[in-house]
Amino acid sequence: MKSNQYTLISIEGNIGSGKSTLLKLIQQKYPDLRFIPEPVNEWRNINGDETLNLLGSFYENPTRWAYTMQVYAFFSRLKHWKEVLSDPNIPKNKHLILSERSIEADKEIFAVNGHKNGIINNLEFALYEKFYDWLCQEVFGKKVQKQMIIYLQVDPEVCHLRIQKRAREEEKNTISQEYLIQIHNRHEEWLLRENHKNTSILVLNGDKEFESDIKQQEKMFKNIDNFLK
Ligand code: DCP
């Protein structure tokens, strides 16, 4: 692989599927991976101001805020990428990048689902696609050579229970089972039914709680270790 090209390993899965937990475990096991943080907290208080809560606004009034939410999600993820890509001194072993979700997932899951269910209208979706295509080309060019996806597949009912348990204020009374089924179906459609070029996909079942279950973690890591070899 050329030295200025990256391989992206992204962890994908429904809201509440356990991506952050899995990411932490992978980071512990593979400390050399370069890591891009999930910007969710940046969406909860713009400029550090808790009254400017985009995630909360989106769940309170999805039709009003879905487009804005996706534009900002795209922007904030791109900003993190730009930091990585503009680093002139990339150590040789830092070409593998680990990320919770990806820019592509934001589009394929949340923007497409929002368009399908009508909270993003045709005009908004056309605008989103225009700057998505142009900016991705501008920022990435040919810099990401390969993508590896770890899909944490979890029953939407289990995700619902986990969301209730973790009780992120903006989500606990606003995310319905129906919405989680839509997001689940989009993952299945995108990752299991569509064709992917230069992408390998590992599907891991995450129905069983694994945060405090060492045996379950060992099972998962047998697959992950093989996949990343
Ligand atoms: N979100 C969104 N649009 C995006 C990305 C995320 O509306 N393009 C929302 C969905 C969640 C919140 O942001 O309410 C965070 O979503 P994630 O699934 O990325 O993160 P979680 O912390 O929910 O993941 P997990 O519980 O799997 O660790």
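These legends go with close-up views of a predicted model.

**View 1. The five-stranded sheet, strand by strand.** Here's the open sheet: its 5 strands line up in the order S2-S3-S1-S4-S5, with parallel pairing. Strand S2 (34-36) and strand S5 (199-205) sit at the edges, and each of them pairs on one side only. Going from one strand to the next, the twist averages 20°.

**View 2. Where S4 meets S5.** Strand S4 (residues 144-153) runs parallel to S5, and 7 bridges join the two. If you want a spot to start looking, find Tyr151, which stands opposite Val203 in S5.

**View 3. Helix H4 and what packs over it.** H4 covers residues 103-116, so to speak a run of 14 residues. From its first C-alpha to its last it reaches 19 Å, close to the 20 Å expected at 1.5 Å a residue. Quite a few of its residues are buried, including Ile103, Ile109, Phe110 and His115; Glu104 is on the buried list too, along with Ala105, Ala111 and Gly114. What covers these buried residues includes strand S1 (6-13), along with helix H3 (62-85), helix H5 (122-140) and helix H7 (177-193).

**View 4. Confidence across the model.** The protein has a mean pLDDT of 93, and 95% of its residues reach 70 or more. Among its elements, helix H2 (residues 54-60) has the highest mean pLDDT, at 98, while S2 has the lowest, at 89. As for the overall scores, the model gets ipTM 0.98 and pTM 0.95.

Technical notes
Residues numbered from 1 in each chain as written. Predicted model: local features only at pLDDT ≥ 70, side-chain atom pairs only at ≥ 80, totals over all residues. Helix = DSSP H or I, 4+ residues; strand = E, 2+ residues; numbered from the N terminus. Expected span 1.5 Å × (residues − 1). Buried ≥ 20, exposed ≤ 12 C-beta atoms within 10 Å, placed from the backbone. Contact = placed C-beta atoms within 7 Å. Pairing = 2+ DSSP bridges. Axes fitted to C-alpha atoms, helices over the stretch in contact; angles between N-to-C directions. pLDDT = per-residue confidence, 0-100.
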